[in-house]
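Me: I have a chain on my screen and want to learn how to read it. Can you take me through it feature by feature?

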Amino acid sequence: MSTTTGGTAAFAASAGAGSAVPRKRAVRPAGTPRWAELAARATVWTTVPSGLWRLALGLGVPVGFSGEMAAVFEGNTPGWGTAHLVALSGLAELLAFLTLGLVRPWGEVVPRWLPFIGGRAVRPLAAIVPAALGSAVLILLATTSLLGGWAHELSSPDAPQGLAGVIMTLCYLPMVAWGPLVAAVTVAYARRTLGRRR
């Protein structure tokens with residue numbers, strides 16, 4: 001009886017230990033500030049609302065365009081226009097996702113599953129220069145939009161008006177933060193990786 005009880009207790013303990021296995025978490029390289037990781041994650045989300053808005057447009061959901069613009073979209077969505085909008089949304093999300101490489105090990109060593117270059121160290125400037133240029137372009141576009149470009153686009157009689165215009169604006173507004181977030185994460189990456197080479 002005691003042997004059975006002891007065996008049951010041992011089994012329960014081993015089962016409990018197995019169920020308490022911690023969930024695998026992404027590891028950030030040593031020296032990566034917590035704020036940089038959070039900023040990189042936020043970057044990925046800045047493109048999601050506008051991407052969903054474009055997907056709705058591509059699927060033929062009326063988003064508020066009228067006149068000639070509405071006719072253009074109605075004639076091409078669903079259709080080739082849909083493929084274009086899906087590709088544009090996917091590209092934006094992919095570029096935003098690459099920011100995570102600045103706070104992940106694969107931003108310092110190329111993943112081994114990639115042919116030819118897998119396992120090689122990433123030269124810091126190979127990541128810093130494109131990220132810095134990308135953030136500069138994004139900041140320029142956001143600044144232009146905030147200083148009247150977006151209002152000019154919405155002033156077109158064919159552009160979404162009223163609630164539809166507000167929804168479109170709210171969907172694109174998070175993209176204003178995309179450039180500054182990439183810039184901040186790039187600075188953190190540069191300080192960490194270039195500092196190791198001294």
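Me: Start with one residue. Leaving aside its neighbours within four places in sequence, which residues is Thr-186 in contact with?
Reply: Contact means heavy atoms within 4.5 Å. Beyond its neighbours within four places in sequence, Thr-186 is in contact with Leu-102, Ile-128, Ala-131 and Ala-132. Thr-186 itself lies in helix H8, residues 178–196.

Me: What should I know about the model before going on?
Reply: This is a predicted model: local features need pLDDT of at least 70, side-chain atom pairs count only at pLDDT 80 or more, and totals for chains, interfaces and linings use all residues. Residues are numbered from 1 along each chain as its sequence is written, and side-chain values use heavy atoms, with hydrogens and water left out.

Me: Is Thr-186 buried or exposed?
Reply: Buried means under 20% relative accessible area, exposed over 50%, and partly exposed in between, with a 1.4 Å probe and protein chains only. Thr-186 has 5% relative accessibility, so it counts as buried. Buried residues make up 30% of the 198 residues in the chain.

Me: How many helices and strands does the chain have?
Reply: Helices (H or I, at least four residues) and strands (E, at least two) are DSSP runs, numbered from the N terminus. The chain has eight helices and zero strands.

Me: Where does Thr-99 lie?
Reply: Thr-99 is in the loop between helix H5 (80–98) and helix H6 (124–154). Thr-99 is buried, with a relative accessible area of 5%. Its contacts, leaving aside neighbours within four places in sequence, are Ala-40, Thr-43, Val-182 and Val-185. The C-alpha atoms of Thr-99 and Arg-41 are separated by 8.1 Å, although the two are 58 residues apart along the chain.

Me: Which residues of H5 are buried?
Reply: Gly-81, Thr-82, Leu-85, Ser-89, Ala-92 and Ala-96. Look down the axis of H5: these buried residues fall within an arc of 110°, so they line one face of the helix. The arc is that of the directions from the helix axis to the C-beta atoms. Exposed Trp-80 and His-84 sit on the face of H5 turned away from the buried side.

Me: How do I read a core?
Reply: In soluble globular proteins, nonpolar side chains tend to be buried together. A nonpolar core is a set of buried Ala, Val, Leu, Ile, Met, Phe, Trp, Tyr and Cys residues joined through side-chain atoms within 4.5 Å. Here the largest has 20 residues; among those with the most contacts inside it are Ala-40, Leu-102 and Val-185. H2, H5, H6 and H8 each give two or more residues to this core. Its largest share, seven residues, comes from H8. A second, separate core of nine residues includes Trp-53, Leu-85, Ala-159 and Tyr-172.

Me: And how many aromatic pairs are there?
Reply: A pair of aromatic rings is described by the distance of the centres and the angle of the planes. Rings of Phe, Tyr and Trp (its six-membered ring) pair if their centres lie within 6.5 Å; planes under 30 degrees apart count as stacked, over 60 as edge-to-face and the rest as tilted. A search of the whole structure finds five pairs. Phe-65 and Phe-73 have ring centres 4.9 Å apart and planes at 40°, so this pair is tilted. Trp-150 and Tyr-172 also form a tilted pair, 5.4 Å centre to centre with 40° between the planes. Trp-150 lies in helix H6 and Tyr-172 in helix H7 (residues 162–172), so the pair ties together parts 22 residues apart in sequence.
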